[in-house]
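User: I would like to learn how to read a few features of a structure with you. Could we go through them one at a time?

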Amino acid sequence: MVTAIGRRAAGEPWNDPDARPYVELRRVTKKFGEFTAVDDVSLKIYEREVFCLLGASGCGKTTLLRMLGGFESPTAGRILIDGEDVTDVPPYERPVNMMFQSYALFPHMNVEQNVAFGLKQDRLPKAVIRERVAAMLEMVQLGEYAKRKVGQLSGGQRQRVALARALVKRPKVLLLDEPLGALDKKLRERTQFELIGLQDKLGVTFLVVTHDQEEAMTLASRIGVMDRGTIAQAGTPAEIYEFPNSRFVADFIGSVNLFEGRLVEDEPEFVRIDSAELGGTILVGHGISSAPEAALWAALRPEKITMSRGAPPQTDNVTRGIVQDVAYLGDLSIYVVRLATGKLVRVTRPNTARHAEPVERDGEVYLSWDAASPVVVTR
Amino acid sequence: MRRLLRRLEGTRVSSRGLVVALPYLWLIAFFVAPFLIVLKISFSHAALAIPPYKPLVVWTSRSVLEIRLDLRNYLAMFAHRLYGDAFLNSLKVAFLSTVFSLAIGYPMAYGIARAGARARNILLLLVVLPFWTSQLLRIYAWVGLFKANGLINETLISLGVIHQPLTLLFTPFAMYVGIVYSYLPYVILPLYANLEKLDWQLVEAAQDLGCRPWQAFYKVTLPLSRNGIVAASMLVFIPATGEFVIPTLLGGPNSLMMGRILWDEFFSNRDWPVASAIAIVMLLVLVPCMMAYLRIQSRGSDS
Amino acid sequence: MSRRSAFVITCLAFGYAFLYVPIASMVVYSFNASQLVTVWDHAHSPTLKWFGALLHDQEILGAAWISLKVAVANATGSVILGTLAGYGLARFPRFRGRFAFTAMTTAPLVMPEVITGLSLLLLFVTLEQTIGWPAGRGIGTMIIGHMTFSMAYVTVVVQSRLATFDRSVEEAAMDLGARPVKVFFVITLPIIFPAVLAGWLLAFTLSWDDLVISSFTAGPGSNTLPMVVFSMVRLGVNPEINALATLTITAVTILAVGATWLTARARRHAASAAA
Ligand SMILES: Nc1ncnc2c1ncn2[C@@H]1O[C@H](COP(=O)(O)OP(=O)(O)O)[C@@H](O)[C@H]1O
Ligand SMILES: [Mg+2]
């Protein structure tokens with residue numbers, strides 16, 4: 001996966017307590033009748049960031065975005081943009097623009113008119129409008145399509161018109177709701193990089209909503225994982241992947257093996273967890289802060305497990321099992337290994353050599369991992 | 001200050017209010033309020049005056065304000081066979097016309113909904129055309145067909161089927177034909193709208209699970225088009241109950257229909273209070289039907 | 001399967017014959033020279049003499065002029081009220097009195113015309129007695145009467161158009177800086193314009209064809225075309241009316257076929273572009 005930490009949002013302003021947030025949500029809640037769509041969310045986004053809201057369908061991403069755009073007013077909480085409280089500012093006066101999930105192009109206007117619409121509302125001189133629209137259309141490679149009716153464009157072209165129309169207003173923040181959701185897989189991958197390139201060039205802060213974790217990983221400087229109206233964890237893609245703070249996040253991003261257990265050794269440098277599911281102990285190479293005796297889980301990514309037919313040299317973090325299933329995916333293979341306890345463990349192995357040592361179904365294998373690999377989560 | 005201004009224009013309530021207020025007030029003034037006046041006048045009594053009824057509220061002496069609710073109009077409706085018969089007859093005619101219209105309209109709507117896209121547009125257009133053409137003229141066409149020397153009789157005689165012209169005009173038969181004919185587009189269009197949305201794969205699934213075509217129709221298509229059937233029925237039944245033009249032109253002078261009686265009481269007898277009482281009694285029957293229609297319509301727009 | 005198709009096709013054939021035989025007979029006999037309408041005069045037909053007579057009939061022409069004025073005013077007023085009502089119903093899912101509003105915009109669609117007509121007349125009479133307005137009845141009261149039921153049709157047309165309208169298009173315009181009123185006029189109205197136009201035509205036709213409500217709300221000397229036709233028809237069949245019917249049907253057909261062709265073409269364009 002491609003990530004671009006540090007490329008955008010110079011430094012890591014989110015780790016700097018003095019940095020001024022560009023967009024700030026303060027304890028924002030949105031209720032539709034009895035139903036709470038967004039539940040007490042606080043969030044700080046910094047200038048030039050690409051912040052991705054990632055979550056399953058229906059978890060409240062769009063609602064959160066629409067509150068920033070001014071289309072829904074929060075039931076409670078405040079929204080600040082560039083230091084100004086915009087909670088009660090109507091959409092047509094907010095310094096943000098939105099790219100809608102359906103693109104929402106004006107069907108009775110051509111490409112040029114669509115892109116010029118926002119500038120006309122600002123009553124800019126005609127010449128300025130023409131110039132900026134032309135430059136914008138060049139940037140999204142739609143120069144030749146200026147006079148086309150939007151009904152006559154392909155999906156990818158419509159997506160770029162929607163983008164151009166929102167960006168040409170030079171908003172402080174661009175809100176993108178599933179910007180690539182309607183494109184097919186190949187086009188989506190290519191467009192992701194175009195989007196990053198554009199953001200880099202224009203320096204606009206992006207807030208992107210998506211349910212596609214790969215897309216979030218590719219685009220984001222930071223990801224906010226949403227779960228039923230709350231932000232479960234916010235951090236850089238690597239932080240989210242390597243140090244998930246909960247079973248939900250660990251399981252939502254990528255796939256993970258979870259071993260329930262309890263602490264048997266608690267040292268500052270390492271901990272040892274006894275897991276009945278594993279049928280042994282897990283050595284974790286970093287300290288944790290957890291109440292002893294509290295239930296916890298060791299999370300272990302499939303690609304961090306080494307599988308071998310012979311016994312590995314180490315004595316900690318080793319177990320044995322029978323290969324129950326193999327799925328060949330081309331670049332890698334997935335193995336499902338049944339432990340003596342009955343627990344199924346997922347292991348992935350890259351297919352580096354064309355005729356690598358085959359691991360066959362029903363064969364017995366050893367599984368081992370580094371003490372640095374497991375992450376301990378307590379919820 | 002700017003914030004306050006923003007608040008003022010941002011309040012959706014006021015803009016919302018403005019949009020809805022104009023039609024709302026219009027309908028209250030010209031659709032709802034008139035019924036209250038009809039109700040009031042139905043309790044009055046005809047008089048040789050302008051307007052031709054007695055006031056409800058009178059100063060009898062210097063200090064007594066009397067409100068006279070004259071129930072004679074309503075009592076007359078029970079006393080005279082004419083009204084009761086006309087009332088029952090109107091309901092019967094409206095009901096049977098609804099059944100006939102559905103019997104003809106449902107298969108047509110079904111056929112249109114299952115036709116290919118191109119044929120469908122043409123077939124729909126052919127249903128809509130009469131709908132846009134004057135009802136009066138279309139009823140008049142039947143007068144020409146039904147007359148003693150009209151097209152139907154002439155054709156039958158020249159074919160040798162009959163030797164004496166049949167009496168067709170000014171019969172209940174002619175009236176039923178006229179009503180079904182007039183309201184057929186009102187049946188086909190909502191049924192079509194309903195059947196068009198129906199997922200035909202459900203019918204295929206039913207057949208796949210062992211239903212014969214007729215069973216699949218009876219168990220899947222028909223129940224799923226229930227809303228369309230109810231809406232179509234109401235679009236015929238309610239206005240047909242008060243129909244005036246068709247009974248007059250095709251049913252003849254003796255056709256006993258409430259719409260005609262109301263018209264005659266009003267225009268010929270100048271008995272406005274009785275006409276009002278007839279209207280009120282009709283409304284008592286029709287309002288529940290309208291509520292049923294309304295419920296179907298609003299449910300349709302929710303889903 | 002095929003048996004049922006045969007049944008459905010038979011029903012369609014019968015149904016369309018039922019719809020069109022009377023209309024066709026009127027059209028054919030409008031070219032008949034005989035005064036007796038249904039007796040075909042082979043010697044002198046086809047003829048255009050009834051069309052000529054129609055166009056010189058001062059009573060009919062005068063009535064048609066009144067009908068035209070009423071229909072245009074009604075259609076315009078109904079489109080304004082009906083578009084507002086349809087917009088309100090489609091865009092504001094909850095407001096106080098919404099149910100009553102829905103009921104009031106639906107009831108005129110089915111309300112027997114004699115009831116609507118009677119109640120409107122009694123209202124006008126009562127108003128005239130109490131506040132002196134409207135002074136007598138005529139074109140003005142007829143327009144009000146027609147608008148009351150026509151706007152319900154426009155409301156339905158506009159509301160169902162807006163129901164299939166992607167709201168985010170309006171939100172996008174607002175997002176780009178247009179105020180709600182401007183959004184309505186620059187975005188919403190142009191997009192739903194075909195529906196609004198259809199509503200206008202529908203309201204026009206309803207008014208142009210209306211007999212019952214006009215009869216109640218018209219004053220002396222403001223007889224509309226259907227009122228004149230009705231009194232002629234009551235006296236018997238009249239070949240001039242056949243000619244009038246032929247003209248009406250021709251106009252409606254041209255309009256409807258034209259409109260269908262235009263929408264079909266627009267749809268084809270959109271489809272070929274999206275592909
Ligand atoms: N206007 C609304 N009225 C009622 N419920 C709503 C409304 N908008 C969204 N919701 C509900 O809020 C939840 C979150 O919706 P949304 O923000 O669109 O989710 P996402 O974009 O993450 O898929 C959903 O369960 C949805 O049904
Ligand atoms: Mg969404």
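Analyst: Gladly! Let us begin with a term: helices (H or I, at least four residues) and strands (E, at least two) are DSSP runs, numbered from the N terminus. With that in hand, C:Pro134 lies in the loop between α5 (113-131) and α6 (139-163) of chain C. This is a predicted model, in which local features need pLDDT of at least 70 and side-chain atom pairs count only at pLDDT 80 or more, while totals for chains, interfaces and linings use all residues. Residues are numbered from 1 along each chain as its sequence is written, chains are lettered from A and ligands numbered from 1 in the order in which they are written, and side-chain values use heavy atoms, with hydrogens and water left out.

User: Which residues does the cis peptide bond join?

Analyst: The general idea comes before the case. Most residues other than glycine have a negative phi, and most peptide bonds are trans. Here a cis peptide bond links C:Trp133 to C:Pro134, with omega about -5°.

User: And where does A:Asn317, with its positive phi, sit?

Analyst: A:Asn317 is not a glycine, yet its phi is positive, about 55°. Its place is the loop between β15 (306-308) and β16 (318-328) of chain A.

User: How many helices and strands does chain C have?

Analyst: Chain C has 11 helices and zero strands. Its C-alpha trace spans about 75 × 65 × 35 Å along the principal axes.

User: How do I read contacts around one residue, say C:Arg98?

Analyst: Contact means heavy atoms within 4.5 Å. C:Arg98 belongs to helix α4 (residues 98-110) of chain C. If we leave aside neighbours within four places in sequence, C:Arg98 touches C:Gly88, C:Leu89, C:Phe92 and C:Pro93. Between the C-alpha atoms of C:Arg98 and C:Gly88, which are 10 residues apart along the chain, the separation is 9.3 Å.

User: What do chain B and chain C bury between them?

Analyst: Buried area is the accessible area (1.4 Å probe) that two parts lose on being put together, summed over both. For chain B and chain C this comes to about 8200 Å², 80% of it on carbon and sulfur atoms. Helix α2 (residues 12-42) of chain B gives the most to the side of chain B that touches chain C, with 18 residues. That side divides into 70 nonpolar, 13 polar and five charged residues. In this scheme Ala, Val, Leu, Ile, Met, Phe, Trp, Tyr, Cys and Pro count as nonpolar, Asp, Glu, Lys and Arg as charged, and the others, Gly among them, as polar. In contact terms, 88 residues of chain B meet 88 residues of chain C.

User: How many salt bridges are there between chain B and chain C, and how many over all chains?

Analyst: A salt bridge is a side-chain nitrogen of Lys or Arg within 4 Å of a carboxyl oxygen of Asp or Glu. Between chain B and chain C the count is zero, whereas over all chains it comes to 27. One of them joins the side chains of A:Asp88 and A:Arg78 (3.5 Å, N to O). The pair links distant parts of the chain, 10 residues apart: A:Asp88 in the loop between β5 (84-85) and β6 (96-99), A:Arg78 in strand β4 (residues 76-81) of chain A.

User: Last one: which residues surround ligand 1?

Analyst: A residue is near a molecule or strand if one of its heavy atoms lies within 4 Å of it. The residues around ligand 1 include A:Phe32, A:Phe35, A:Lys61 and A:Thr63. By class, the shell divides into five nonpolar, five polar and one charged. Its largest share, three residues, comes from α1(A). An oxygen atom of ligand 1 is 2.5 Å from an N or O atom in the side chain of A:Thr62.

Notes: Polar contact = N/O pair within 3.5 Å; in protein donor to acceptor, adjacent residues only side chain to side chain.
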